[in-house]
Amino acid sequence: MNLTLDIGNTMVKWALFEGGCLTRSGRQATLEGVPHAERAMVCASGRVDEAALAALADEVHILSAETPLPIGVDYETPQTLGADRVAAACGARRLGEGRACVVVDAGTCITIDYIDAAGVYRGGAILPGMEMKFRALHTFTAKLPLLSDVGFDEAPLTGRSTRASMAAGVLTATRFEVEGFVARYRAEAPDCDVLLTGGDAERLWGEGRLAVAGCRIEPQLVMVGLNEILDRLEDKEIGR
């Protein structure tokens with residue numbers, strides 16, 4: 001059984017895989033209570049408690065720039081490339097059936113990444129996330145209120161109050177950003193997949209809110225990618 005872990009600054013996300021199938025998953029504040037497994041692959045952007053990790057699996061791997069991957073990476077500074085972006089790209093390759101893919105991961109920041117049809121990660125873009133944009137509007141102005149992203153599922157094109165105008169500037173403009181990136185990538189690869197993941201994916205683009213044909217939300221994309229990396233690592237170790 002494989003355990004995958006995505007350790008962020010405030011939350012730990014985990015998933016168990018058996019025979020390539022996700023069987024259980026969870027999201028919590030600490031590593032306490034995460035189930036034990038034979039092997040684990042860890043993606044960490046927050047602080048890593050190596051002793052606590054060692055207790056979770058017989059064999060623990062932390063994803064780094066030196067980890068063998070099931071995709072190619074064409075990036076000028078691979079040592080600075082976020083492990084979550086790498087894992088999501090590997091998950092997209094696993095689910096994409098050989099097609100090019102655009103991955104949109106909506107969290108504190110929004111990342112938009114491109115994997116070509118040959119399975120090579122080409123890079124992407126990092127944008128401010130929705131809460132970050134709301135905070136910036138308040139912090140760098142004298143009168144705009146501090147709005148939370150919670151409760152804003154829809155926004156008008158033309159706001160008729162300050163709150164509605166701010167919602168339009170954050171939600172609607174963010175959707176336009178993503179649609180614009182996808183349109184440019186599809187000009188080069190018309191049949192590319194578009195996979196959405198991250199905590200704000202459903203709020204921003206669920207129920208057809210994103211004007212992009214054929215896109216779909218994959219909440220466990222990073223976990224699928226981490227498991228794919230772990231499986232390929234095992235294949236390499238035993239010479240398959």
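# Exercises on a predicted model

Val 102 has Val 194 of strand 10 as its bridge partner. This is a predicted model, in which local features need pLDDT of at least 70, side-chain atom pairs count only at pLDDT 80 or more, and totals for chains, interfaces and linings use all residues. Residues are numbered from 1 along each chain as its sequence is written, and side-chain values use heavy atoms, without hydrogens and water.

**Exercise 1. Find the edges of the open sheet.**

Solution. 
- Start with the order. 6 strands form the open sheet, 6-9-8-7-10-11, with mixed pairing. Strands are DSSP runs (E, at least two residues), as helices are (H or I, at least four), numbered from the N terminus. Two strands pair if DSSP finds at least two bridges between them.
- Go to the ends. Strand 6 (72-73) and strand 11 (216-217) each have a single partner strand, so one side of each lacks a neighbour in the sheet.
- Look at one pair inside the order. Strand 7 and strand 10 run parallel, joined by 5 bridges.

**Exercise 2. Describe the largest nonpolar core.**

Solution. 
- A nonpolar core is a set of buried Ala, Val, Leu, Ile, Met, Phe, Trp, Tyr and Cys residues joined through side-chain atoms within 4.5 Å. Buried means under 20% relative accessible area (1.4 Å probe, protein chains only), exposed over 50%, partly exposed in between.
- Count. The largest core holds 29 residues, and Val 102, Val 104, Ile 110, Ile 112 and Trp 205 have the most contacts inside it.
- Trace the suppliers. Elements giving at least two residues include strand 7, strand 8 and helix 5. Helix 4 gives the most, 7 residues.
- Zoom in on Trp 205. Leaving out residues up to four places away in sequence, its contacts (heavy atoms within 4.5 Å) include Val 104, Ile 110, Val 178 and Leu 196.

**Exercise 3. Characterise the largest pocket.**

Solution. 
- On a 1 Å grid over the protein atoms alone, a pocket is an open set of points where a 1.4 Å probe fits, with protein on both sides within 12 Å along at least five of seven lines; lining residues have an atom within 4 Å of a point. Volume is the space filled by probe spheres set on the points, which are joined across faces, edges and corners.
- Read the volume. It is about 1300 Å³.
- Find the centre. Of 42 lining residues, Lys 13, Ala 106, Gly 107, Thr 108 and Gly 199 are the closest to it.
- Sort by class. The lining has 15 nonpolar, 16 polar and 11 charged residues.

Methods
Nonpolar A, V, L, I, M, F, W, Y, C, P; charged D, E, K, R; others polar.
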